[in-house]
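This report describes one protein chain from its overall composition down to a single residue. Please look at the sequence and the model before reading on.

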Amino acid sequence: MRVQRKEMQRDAWTRILLVWITCVPCFSTVPFNNQSMSLQSTSDAALRSRLLEGQRILIRAKRGWVWNQMFVLEEFSGPDPILVGRLHTDLDVGNKNIRYVLAGEGAGTIFAINDKTGDIHAMKRLDREEKAEYTLTAQVINRDTNEPLEPPSEFIIKVQDINDNPPQFIEGPYQGSVPEMSPVGTSVTRVTATDADDPVYGNSAKLVYSILEGQPYFSIDQNSAVIKVALAGMDRELREEYLVVIQAKDMGGHMGGLSGTTTVTITLTDINDNPPKFSKGSYEFTIPEDLGIGKPGGRVKANDRDIGENARSTYSIVGGDERDVFQIITDSPTQEGILSLKKPLDFESKKFYNLTVVATNVRSSTTGVPFLDQAVVKVVVEDADEPPVFTESMYVFEVHENAPITTVIGTVAARDQDAMRSLIRYSIDRHTDLERQFNIHVEDGKITLAKPLDRETDTWHNITVTATEIRNHSQISRAIVAIRVLDINDNAPEFPAEYEAYLCENGKPGQVIQTISAVDKDNPVQGHTFHYRMEILSNPNFTIKNNLDNSISILAKHDSFRRQKQEFYLLPIVVTDDGDPPMSSTNTLTIRVCGCSKDGVVQSCNPEAFVLPIGLSMGALIAILACIILLLVIVVLFVTLRRHKNEPLIIKDDEDVRENIIRYDDEGGGEEDTEAFDIATLQNPDGINGFLPRKDIKPDLQFMPRQGHHSDIRRICLKKWGHLFQNC
């Protein structure tokens, strides 16, 4: 507990304080927790001197020392154990019968107690960085009975720090960057060191930073460890990287303190402070006149001491390209300007060009004005043997499909571009004219017809014509010739399909039977116009109606059409176009007479239906068919029953037929009786073919039933011979 001093008035407490001051040496304990055990204190003399100061003593409340804390210095390595403190109780008045007991963290191993005096010693070397404090419990017991004399009390032993750990840069080595030409005081980066010593006790963990290497370029704030630029005008193009050594020292930087170091690599980043510069003031390129469009003709380069985006230049032509023949683009990987053609060169018209090329850099980061440099590029056009050039890239000719053979369709022409004129030969690429329908004159380029044309087969013919220099067969040019075949009226109109119309028997006069339209393979410019007429103008059964849309409708003239009279009609129709000369064709329409419902829906057109009475419905047909099937079933049943009546009469052994007595009203005649009736016939009536029984004697079947067996005998009789004897 804390020993506290209360504020007391001067007059009330003067005598009490004087007595207490006089008697202070007599006391060696301070009560705590309402117990008599205490820790030894050495502050009594100081307190006494403070209380005796002045004639007038002013007592004020102040913090007393904390009784339940002890301190031990870390890393102590003397020959004897170090005394940490002493435990004492009011019960200890020279009585040898008490014993001090220590328990808790490190009791018995790190800390030992003298059970008689209460002295606590540290037995091992302690390290505050491993464990800063220990919590223990003290108690007084009877030495003889081991019974506690006081309740246990808890206290803490704190390990006092010494400066035994140097500062460390955990995250080092460091990397930093700052733009070149930065002003003095520009922040670069910050470093951080840590010290394992106690930051609240002394200056063991108070760090001060300094630069060991890196002056005069950089400096560091000794408290915040922020590295700053110390020299103005540092140029990346002269030196790009700096190695700075930073030191952190504890004890506030005083002598005896420990220190640690780290390195910081500082890189100057580039800014756009250098203009592009051509490696030479003029360039000369020789470009053949047949160089393709977009192909490179030469390269120029403006060097820039900057790097990255700051070194990128844009090239442009600002003079000498009046006809807009050239263009220059930037090659990103090499930062070169590539000169190429936008239009073909012509040695015969212009033999050289003087171009002014400018390389422009992005805006300067210091002045804001774009950097640029220019150079002169001289282009010499080199003559080349070029292929012939057709007067047109594509020719379009027209010819009628009835044109005769050798008709001239059109003429192509090509010229030699070189100074030395050469004769040219023309030909047709036969891969584009597999049927060889056209020919070309090798000298004048006239295209003629070789085979008749049919517009309805091919409307267009695309062929390729080649022009070759006679003196240099490798110089070949090609041109496409499109030949359009013009139409003539050489096809008659006709029906697109074979029409088959249906006419209802119960139709009315004027009924539309079929609508017909024609087609024509020809394709006149003004469109098709067809005229229809019946081949037999005075047809008694049908007539036609013009629908004014190149189609007609076939109409019935009367309502007396019957299938019994005529099943179908053939109606020839003549179709004529408006061509020059007009073409016509005759097409036949087949009209079938059919039976229809009241709504005009066709039901049957088969000639077999003529034999049926008029008005016979489908239900009636089904009823007739059902009757026929029923009659067939009856016939089959009758035949089956007749077969069962003809089964043989066989007496089985397992049945008792003793009561079935057949009596003949005739006397035995010996052999005559034997021949008259064969008893085997009763057993197997089918065994003797053609046997005819006697007809002069009619046998009588008599029954002699036993008493009580009349119903059984009757059942047996009916079962075996019922088909022979009807009155069994």
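In what order do the four strands of the open sheet that includes E25 stand? The order is E25-E32-E31-E28, and the pairing is mixed. Strands here are DSSP runs of E with at least two residues, helices are runs of H or I with at least four, and both are numbered from the N terminus. Two strands count as paired if DSSP finds at least two bridges between them.

The model is predicted: local features need pLDDT of at least 70, side-chain atom pairs count only at pLDDT 80 or more, and totals for chains, interfaces and linings use all residues. Residues are numbered from 1 along each chain as its sequence is written, and side-chain values use heavy atoms, with hydrogens and water left out.

**The sheet with E25**

Strand E25 (394-400) and strand E28 (424-428) are the edge strands, each pairing on one side only. From one strand to the next, the twist averages 30°; axes are lines fitted to C-alpha atoms, for helices over the stretch in contact, and angles run from 0 to 180 degrees between N-to-C directions.

**The sheet with E2**

Another open sheet has four strands in the order E2-E8-E7-E4, with mixed pairing. Strand E2 (69-73) and strand E4 (98-104) stand at its edges with a single partner strand each, so one side of each has no neighbour in the sheet. Neighbouring strands of this sheet are turned by 30° against each other on average, direction ignored.

| Strand pair | Direction | Bridges | Residues opposite each other |
|---|---|---|---|
| E7 (residues 133-142) and E8 (residues 153-160) | antiparallel | six | Leu136 and Phe155 |
| E25 and E32 (residues 476-486) | parallel | seven | Val399 and Val485 |

**Thr262**

Thr262 lies in strand E15 (residues 259-269). Is Thr262 buried or exposed? Thr262 is buried, at a relative accessible area of 7%; buried means under 20%, exposed over 50% and partly exposed in between, with a 1.4 Å probe and protein chains only. Neighbours within four places in sequence aside, Thr262 is in contact (heavy atoms within 4.5 Å) with Phe169, Gly172, Pro173, Tyr174, Val244, Val245 and Ile246.

**The whole protein**

The protein has six helices and 42 strands. Of its 728 residues, 34% are buried. Among contacts with a separation of 6 or more, 66% come from residues 24 or more positions apart. The protein exposes about 45,100 Å², and carbon and sulfur atoms supply 53% of that area; accessible areas come from the Shrake-Rupley method with a 1.4 Å probe, and for residues only the protein chains shown count as cover.
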